[in-house]
Amino acid sequence: MLRNSLIGSLRQIKPILCSQSLRSLSNGANSGLTTIEVDDKSGIATLSMNLPPVNTLTLNLMHDLIDSINQIECNKSRGLILTSSNDKVFSAGLDLKELYKPDQERLKEFWTIFQDLWLALHLCGIPTAAAINGHAPAAGCIMATACEYRVMLPDFVIGVHATRFSFLVSKWMMLSYQSVLPRRIVERALNQGKLFSTQEALEVGLIDEVAGSKKEALAQCAAFIGTFDKANPIARTLTKRMCRDSDVTELLRDRAGDLRACVDYINTPLFQEGLSAHLEGLKEKK
Ligand SMILES: CCCCC/C=C\C/C=C\CCC/C=C/C(=O)SCCNC(=O)CCNC(=O)[C@H](O)C(C)(C)COP(=O)(O)OP(=O)(O)OC[C@H]1O[C@@H](n2cnc3c(N)ncnc32)[C@H](O)[C@@H]1OP(=O)(O)O
């Protein structure tokens, strides 16, 4: 019953490109903000975000990421490693400019595609890992928590610091954080607006390993993906999705409601004033 409902709901977001032969994965379907490299020996695909300066999740980058995840999944790659081609920032999170005095229709599209991206990553059938080779604040952290394993380089920060600038997070974002960290730590960190250093993130379990270089991080992610070699891939996928069912059901059950709540909140003076101050802070940093 649970499995049937899960499979049913998953069909809604199943990749539509699966009939294509994609061994030579190119980003033909998107605008080049992501690159995919498949290791011929291991069959593992590395998906890099490539939007200077800081991989903000713009509409275009999110579209590209979803296309790329679907391509990698359809091509039956052995696993997916998400990383950044910037050596200082994994992703700066959502594009704040999209949230400031937004056009209402575009804001709806923006939030919907963010939901889609999280679902695509969270429910990706093949093993996923994040090689976090730079800062990963806010939605950058949420993308990493949607993966099954996280390896991070030293001297960066990761976490959801939304309350610092009067943002709230949706329940599904909180559940994503909570799928990795104990609830009491999530509650405290969200309320504090805490960004964890690499070492702190390791200590609380937000990341699984620290790596000395990007090359090492990719190798550690590949080793994690290799741990599933003895599992039947279909059984593994169904098991992963069953384990994640309660996290995604929250969103799938009422996507429209989540959209409405977010749009309403983003339009409040509290949110807009906090965002304005945050954008000023980013400018003044220079
Ligand atoms: C009742 C129910 C309600 C439910 C409510 C639900 C939802 C509410 C709605 C929304 C909130 C959802 C949660 C939020 C998710 C997010 O992801 S919001 C994004 C948060 N991200 C950040 O705050 C990161 C800000 N950036 C930084 O801290 C730094 O840029 C850095 C990532 C540490 C990198 O530093 P550095 O390398 O020094 O780069 P610069 O700071 O110089 O940045 C370069 C340029 O990029 C611009 N920029 C940086 N981040 C963003 C961003 N997220 N969006 C847009 N632009 C960004 C920065 O201003 C620089 O621009 P210029 O070169 O000055 O033009």
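Guide: Ala, Val, Leu, Ile, Met, Phe, Trp, Tyr, Cys and Pro count as nonpolar, Asp, Glu, Lys and Arg as charged, and the others, Gly among them, as polar. This is a predicted model, where local features need pLDDT of at least 70, side-chain atom pairs count only at pLDDT 80 or more, and totals for chains, interfaces and linings use all residues. Residues are numbered from 1 along each chain as its sequence is written, and side-chain values use heavy atoms, with hydrogens and water left out.

Visitor: What is the volume of the second largest pocket?

Guide: A pocket is an open set of points on a 1 Å grid over the protein atoms alone, where a 1.4 Å probe fits, with protein on both sides within 12 Å along at least five of seven lines. Its volume is the space filled by probe spheres set on the points, which are joined across faces, edges and corners. For the second largest pocket this comes to about 590 Å³.

Visitor: Which residues lie closest to the centre of the second largest pocket?

Guide: Lining residues have an atom within 4 Å of a point. The second largest pocket has 20 of them, and closest to its centre are Gly125, Ile126, Pro233, Ile234 and Thr237.

Visitor: How many charged residues are in that lining?

Guide: The lining of the second largest pocket has 10 nonpolar and 3 polar residues. Its charged residues number 7.

Visitor: How many charged residues line the largest pocket?

Guide: The largest pocket holds about 1,400 Å³ of space. Its lining has 44 residues, with Ala92, Leu94, Leu96, His278 and Leu282 nearest the centre. By class, 29 are nonpolar and 7 polar, and the charged ones number 8.
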